[in-house]
Amino acid sequence: MGIMHTNVSANGEAPGRRIRGPRAGPLVAFSVALAVGLGGCAGRDRPPPIMLSWPEPPEVARIEYVSTIAGVRDVVGPPSFWDRLARFVGIDPSSRAKALVQPSDVEVSPDAQVIYVSDFASGVVHIFDLANRDVRYLGLSEPLQRPTGLALDSAGNLYVAEQGKAQIRVFDPQGNTLRIMAHEELARPVDIALDESRGRLYVADPSYQNSKKHYVRIFDLEGNYLGELGKGRGVAEGYLLFPTYVAVAPSGDVYVSDTMNSRVSVFDAEGEFLRTVGMRGDGFGLFDKPKGVALDSFGNLYVVDSSWSNVQIFGHEGDVLLYFGGRGGYPGLMRNPTGIAIARASNTIFVGDYLNRRISIYRLVNTSAGDSVAAPTNAEPQASP
């Protein structure tokens, strides 16, 4: 892939409680005047946005911005005639819809067609089914207590970290609670990651400011507590300072966003510290507040930086390859992003765009396994946006 850069500077718990679209309704008589009035409710078509890619032309694009999901309409499409008619007579057919308020983490099905988004403020998990143009929710009848991290297993069961209850709740594909995972050592879960082949669930637990227990907690898949990663709160190698997000490689290596140490700490499957990626700074390969971490099909590491509002990509040796994003409200830019998920079959990338209240979707393109090694460069690093 080589070192590349760009300067983008533009400033259900209750099955059946879902929103589909568009849908037909009963035949209703109406006048020509009413039809004209409803036509005005549809609004005018807006020109399509300029599509962003990284690096900028004439370099070969490696990351392309695809689309944004900010709510129901982005999945089910614009309101049908019958929906507009209902609004005209005072009925809001989308009144059950929940707006994205604070997207804290994102998870995705292997085929990239179902997107799960935890909403810290709303107390729900939004489930966006792109193939069926369907939106449903977990946590409507009983709101989740500050949901944060998400993980999806091979059976379609969804693991949700409830920070407000210091527990992990596991839902089956129908939205029924299978089990609760908790332990007296678990203080403030933020993110979770599954290693099904080894039967483990990793939970990033930054605890609190005055606590020395800044660890990644380890459970088996039945909820039994196994131990922790890290040596506790600290700045030396192997120590963690507010670990927030976690990802697991096929090898069993565990990547932890060590947020207040401005780095990613890597441990092997046995819990031994291996290395760090990045450090504090404002250049390529450096971080301020790293959060979401994920791996693509080539084993490249993607790290969300909430402060820089971008995502940096690192090769197998920890060498920085590329960054994408940048701070702004324009589609493809971000404001204080959080979690990230990658559908590895297609290398489609989903990022929780926290302050823009949306999910930003990108795609890795024109890339092979051999591109995961940084090319030599004589250029001086430039500051991230």
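## A pocket, a sheet and a serine

Strand E12 gives the largest share of the lining of the largest pocket, 5 residues. This is a predicted model, where local features need pLDDT of at least 70, side-chain atom pairs count only at pLDDT 80 or more, and totals for chains, interfaces and linings use all residues. Residues are numbered from 1 along each chain as its sequence is written, and side-chain values use heavy atoms, with hydrogens and water left out.

Let's look at the pocket. A pocket is an open set of points on a 1 Å grid over the protein atoms alone, where a 1.4 Å probe fits, with protein on both sides within 12 Å along at least five of seven lines; lining residues have an atom within 4 Å of a point. The largest pocket has a volume of about 800 Å³, the space filled by probe spheres set on the points. Of its 33 lining residues, Glu107, Leu152, Leu194, Ile342 and Arg344 are the closest to the centre.

| Lining class | Residues |
|---|---|
| Nonpolar (Ala, Val, Leu, Ile, Met, Phe, Trp, Tyr, Cys, Pro) | 23 residues |
| Polar (the others, Gly among them) | 3 residues |

Next, the strands, which are DSSP runs of at least two residues, numbered from the N terminus. E8-E9-E10-E11 is the order of an open sheet of 4 strands with antiparallel pairing; strands pair if DSSP finds at least two bridges between them. E8 and E11 are the edge strands. Between E10 and E11 there are 4 bridges, and Phe171 stands opposite Thr177 in E11.

Finally, Ser368 lies in the segment after strand E26 (358-364). Ser368 and Ser297 are 71 residues apart in sequence and 9.7 Å apart in space, C-alpha to C-alpha.
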